[in-house]
Amino acid sequence: MSRTALTYRDYEALPNDGRRYEIHDGELSVTPTPSLEHQVISARLYFHLAKWVEAHPGGLLLYAPLDVILADRPEATSIVQPDILYLAPDRLPLASRRGIEGGPTLAVEILSPTTRTIDRVTKRRLYARYGVPYLWLVDPDARAVEVFALENDRYVLAAGAAGPVPVDLPPFTALGLVPEALWP
């Protein structure tokens with residue numbers, strides 16, 4: 001039996017019922033709304049990154065829900081919603097009425113029990129395929145941030161951060177993020 005790949009048109013027709021919908025290579029993915037812990041981590045990280053963006057104007061920092069349409073054609077079959085994303089000035093033209101049409105400079109995914117495999121495997125593969133230069137995986141269980149950089153269409157671990165020492169993580173310089181401050 002052959003299956004029909006879902007596209008952005010199908011995605012637009014999904015109900016606005018509070019669930020988080022994404023399409024990964026034509027397959028629908030539905031996850032529950034984020035937990036309180038997830039949202040606290042997201043807010044703390046966003047706030048810190050927003051201070052950096054304010055001090056270094058030109059880029060754009062956004063948070064979920066926002067559609068990232070990973071394709072260069074109308075029949076896109078991969079639509080994701082990273083927890084946080086950053087567009088460097090050279091990628092600002094990707095912003096459109098529909099969301100972000102292409103790979104942002106940075107996608108941040110905060111792992112949870114229901115999304116851990118999707119974020120580490122499925123979405124990581126999609127982000128690499130569509131040229132997202134940096135991917136951060138924020139792991140509340142390990143109390144760590146893993147930073148991956150795209151090299152030759154694959155991600156390599158560029159940095160790992162945990163604990164009370166301020167760190168700079170790509171693509172940001174002079175970031176001074178204290179990983180320990182993210183955890184509730």
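Colleague: Which element gives the most to the lining of the second largest pocket?

Modeller: This is a predicted model, where local features need pLDDT of at least 70 and side-chain atom pairs count only at pLDDT 80 or more, while totals for chains, interfaces and linings use all residues. Residues are numbered from 1 along each chain as its sequence is written, and side-chain values use heavy atoms, leaving out hydrogens and water. A pocket is an open set of points on a 1 Å grid over the protein atoms alone where a 1.4 Å probe fits, with protein on both sides within 12 Å along at least five of seven lines, and its lining residues have an atom within 4 Å of a point. Helices (H or I, at least four residues) and strands (E, at least two) are DSSP runs numbered from the N terminus, and the one giving the most here, with 4 residues, is α3.

Colleague: What volume does the second largest pocket have?

Modeller: A volume is the space filled by probe spheres set on the grid points, which are joined across faces, edges and corners. For the second largest pocket this comes to about 310 Å³.

Colleague: Which residues are the closest to the centre of that second pocket?

Modeller: The lining of the second largest pocket has 8 nonpolar, 9 polar and 9 charged residues; Asp, Glu, Lys and Arg count as charged, Ala, Val, Leu, Ile, Met, Phe, Trp, Tyr, Cys and Pro as nonpolar, and the others, Gly among them, as polar. Of the 26 residues that line the second largest pocket, the closest to its centre are His38, Ile110, Ser112, Thr114 and Thr115.

Colleague: How many residues does α2 give to the lining of the largest pocket?

Modeller: The largest pocket has a volume of about 460 Å³, and 22 residues line it, with Arg19, Arg20, Ala64, Pro65 and Gln81 nearest its centre. Helix α1 (8-12), strand β1 (20-24) and helix α2 (36-55) each supply at least two residues of this lining. The most comes from α2, and the number is 5 residues.

Colleague: Is serine 42 buried or exposed?

Modeller: Serine 42 sits in helix α2. Leaving aside neighbours within four places in sequence, serine 42 is in contact (heavy atoms within 4.5 Å) with Asp83, Ile84 and Ile110. Buried means under 20% relative accessible area, exposed over 50% and partly exposed in between, with a 1.4 Å probe and protein chains only. Serine 42 has 10%, so it counts as buried.

Colleague: Which are the edge strands of the 6-stranded sheet?

Modeller: The sheet is open and has mixed pairing, in the order β3-β6-β9-β10-β11-β12. Two strands pair if DSSP finds at least two bridges between them. Those that pair on one side only are β3 (60-63) and β12 (154-162).

Colleague: What is the class of asparagine 152 by accessibility?

Modeller: Strands β11 and β12 run antiparallel and are joined by 8 bridges. Asparagine 152 belongs to their hairpin, which has 2 residues between the strands, and has a positive phi of about 55° although it is not a glycine. Because its relative accessibility is 74%, asparagine 152 counts as exposed.

Colleague: What is omega near in the peptide bond from alanine 64 to proline 65?

Modeller: Proline 65 lies in the loop between β3 and β4 (68-69), and is among the residues nearest the centre of the largest pocket. The peptide bond from alanine 64 is cis, with omega near 0°.
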